Amino acid sequence: MARAVFRIWRGDAQGGELREYSTEVTTGMVVLDAVHQIQAESANDLAVRWNCKAGKCGSCSAEVNGNPRLMCMTRLSDLPLDRPVTIEPMRAFPPLRDLVTDVSWNYAAKQRIKPFKPRPPDAPDGTWRIAQDDVDRVQELRKCIECFLCQDVCHVLREHRLHERFAGPRLLVYTAALEMHPLDVENRTADLRGEQGIGYCNITKCCTKVCPEGITITDNAIIPLKERVVDQFYDPLAKLLRVFRRQEARDGGTP
Amino acid sequence: MLVIGAGGAGLRAAIEASAAGVKVAVVSKSLLGKAHTVMAEGGVAAALANVDDRDSWQVHFADTMRGGQYLNNPRMAELHAREAPDRVRELEAWGALFDRTADGRILQRNFGGHRYPRLAHVGDRTGLEMIRTLQDHGIHRGIDFHMECTMTALLAAGGRVVGAVGYDRERGRALVFRAAAVVLATGGIGRAFEITSNSWEYTGDGLTLAYDAGAELIDMEFVQFHPTGMVWPPSVRGILVTEGVRGEGGVLRNRLGRRFMFDDVPDLYKSQTADNEEEGWRYCQGDKTARRPPELLTRDHVARCIVREIKEGRGSEHGGVLLDISWIASRMPHAAEHIRKKLPSMYHQFKELAGIDITREPMEIGPTTHYMMGGVRVDAESQMSTVPGLFAAGECAAGLHGANRLGGNSLSDLLVFGKRAGEHAARFAREHGQAAPDPAQIDAAVIALYAPLDRQASGWSPAGGETAAAVGAMGVGAAGAASAPVAAGAELGPYQIQRRLQVLMQAQVGIVRRQEEMESALAQIGELERQAVAVAVGGNREYNPGWHTALDLHNLLTVAAAVTRAALERRESRGAQFRDDYPGKDEALGKVNVAIRRGADGEMTVTRVPLVPASAEQRRIIEEIQ
């Protein structure tokens, strides 16, 4: 095969530009291979994150020809190589250097989600009995490799920059996995409505489209969570019940 | 307390130490949750006996010792087998969801070298489930995480380790940690080889930190070449194909269609191995009266058989052999669906990267550098190295696996010994407290850190040698810089040096080894070391991979030299080490581990140390369970 041209964003928090590199393309190459080749040949200091190179760790997220992708799972043979391939960092996060962005917000926001809290063990030896069906139901959500491409494409974060008010698809998937865990007894519904801002999601399904693990984020995680929120906070009967409970608590409370 | 590495072992150590009330910092080269544990596919070995009630810690212990050709530390093998079930159950209490048996308990699958189905698993993404569980549990325990930081030197005072120096990738600032105890959990050395399943991180950092600090390394000759890595297309060469494929009934065939694994079954395993295809299939279907198919022999043996087929001209189109799971369609209904459910990420990986549908056609595979059995010599109970205050757990520690590791034993290793390292390091930290490192040590480490950038900036000539001399004397930074004759400047960049080393190690210290090739390799490693101490990199300190690669070179070259020297010393074939010039076993060498240490003169020394003897009880178990 021949050479191909890549336009890679070089820069930092202060700004940057697309720079052109050309490198040889061989059979089966993925975008990450091209980036590595360019790094070794002509741009030793080109910053890029990667680890497994097999779509399992979610490190090499970037925007290839404008599409949020894992670079290690994007084959060059699937791209039009008669014109330059553009590679840019994820735009929903602050740029650090070249293709590397500051994704620390995702970790901080995750830490604020109530952790797993199991029911008491089922068996005297401290273990649980779980049906495979119950495991299967939640496995899809646990496949997430935290590449944050769904966060990158979510317009609430990308355009509206509501990082402080909305947890984004990845963390809603995480919360859904906890909420649907067969052993978990914690209730995160109030947080979903409050701090996690699930109401901001208006189900455009962009996140589902870019998920490299094929998780049906909107349908299988976000919508069921929205239903829980509705059930708890907007169900007229439940609302009445809450009013009574508050009343009771006030009446029976300490002076 | 400082934990270096945030894979399974590092996270488990940090969780344990913080539970003991010690203030813990964890540094990781990558982001949290990206360490190699995430790549582990097949499962975690623990004698839960949920699927076959004949299993017990004793059988797991005996299997591990046999797999390691009895060079293992028997106490470690015993602790591992005894404690693994509790560690797995504990993960479930922290939120991990394993696949289930019909009665709702944790399901276990077959794996190479394990007598009974023993691997708790989640499809073929067990590692992801484990690391995410540990990560999500850990972030709520007050542990101080420093992501994307690399440690380049340990600090010593009063004969013990009291901290570490390194840098953060983002800004390139020097970091100094003072710690009452340090746990190394840095994983392996796969990047020293050309074809590997390991990512950029696995450059032998922990082993080199320990070596530079005066700790002993053992079993460095035992590098595991996993039999099944992808071979085509070239860009995916080396990516792992889980042993779970064979556990689910996948078979190996050569170009002629022959199941060649039946042709050579080692005596040690003859009584446990099926001698016909029918029996092998029944075993994979859970028939307790059947013996396991030869595809599930230990990894060292399977890898060698594959190499033999390829060398003798019976390999596949692109220089591998064929691994076929699609054939099970002839034995069961809905086979394609079954394969996609049991091996989803393998299905995905081949579909996306090679354009192969594994439910319909065979995979082309060949051996890939996968795991380091050798590493820091540790005490079985505490995981402390031969240097006080320095602990090691997981892949960077040695002893559990001996000459060959069984699949599934690495995930249980990092849980069992990660916990132990955390517990004992915390105790050590409380008992000894912090101590002030010598400021000169810190200065020297920081100078070494910026040397590759400084050389570029100043057009520094290595002939002057001032920086190198200071660095060499402190035992940090560039290998043997003080004493080695220095080349008149580096002709190669950091990536080129790394690449040359990888090609060299693959060709001359790989699966099949011989004296002259390894001696020549050693000389070439020396030449690359001379290049590495003079290497200069451009760009600035901020997230500069060229600089990071230059700093990793010292580690890669140190472990490469250690592997080669140990392999030269072991003039026999055993486990993962195959010597073309010494194809048989040597009785005397069967009683020793090869140890590597930095001598007083700064040179690498090689010695033979007697094995940790098995107790009478352990010997009885090994003899009874044949």
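**Close-up views of chain B in a predicted model**

**View 1. The hairpin of β7(B) and β8(B).** Two residues lie between the strands of this hairpin, and one residue there, B:Gly158, has a positive phi near 55°. Helices (H or I, at least four residues) and strands (E, at least two) are DSSP runs, numbered from the N terminus. The structure is a predicted model, in which local features need pLDDT of at least 70, side-chain atom pairs count only at pLDDT 80 or more, and totals for chains, interfaces and linings use all residues. Residues are numbered from 1 along each chain as its sequence is written, while chains are lettered from A and ligands numbered from 1 in the order in which they are written. Strand β7 (residues 149–157) pairs with strand β8 (residues 160–168) of chain B in the antiparallel sense over eight bridges (pairing requires at least two DSSP bridges between the strands). B:Leu154 has B:Ala164 of β8(B) as its bridge partner. Of the nine residues of β7(B), eight are buried (20 or more other C-beta atoms within 10 Å of the residue's own, C-beta atoms being placed from the backbone; exposed means 12 or fewer, and partly exposed lies in between).

**View 2. Helix α7 of chain B.** Within α7(B), residues 277–284, the buried residues include B:Gly280, B:Trp281, B:Tyr283 and B:Cys284. These lie on the same side of α7(B) because they cover an arc of only 155° around the axis (taken from the directions from the helix axis to the C-beta atoms). After α7(B) comes B:Gly286, with a positive phi near 95°.

**View 3. The side of chain B that touches chain A.** Here 47 residues of chain B are in contact with 46 residues of chain A (C-beta atoms, placed from the backbone, within 7 Å). The largest share of this side of chain B, four residues, comes from α10(B).

Methods:
Two residues are in contact if their C-beta atoms, placed from the backbone, lie within 7 Å.
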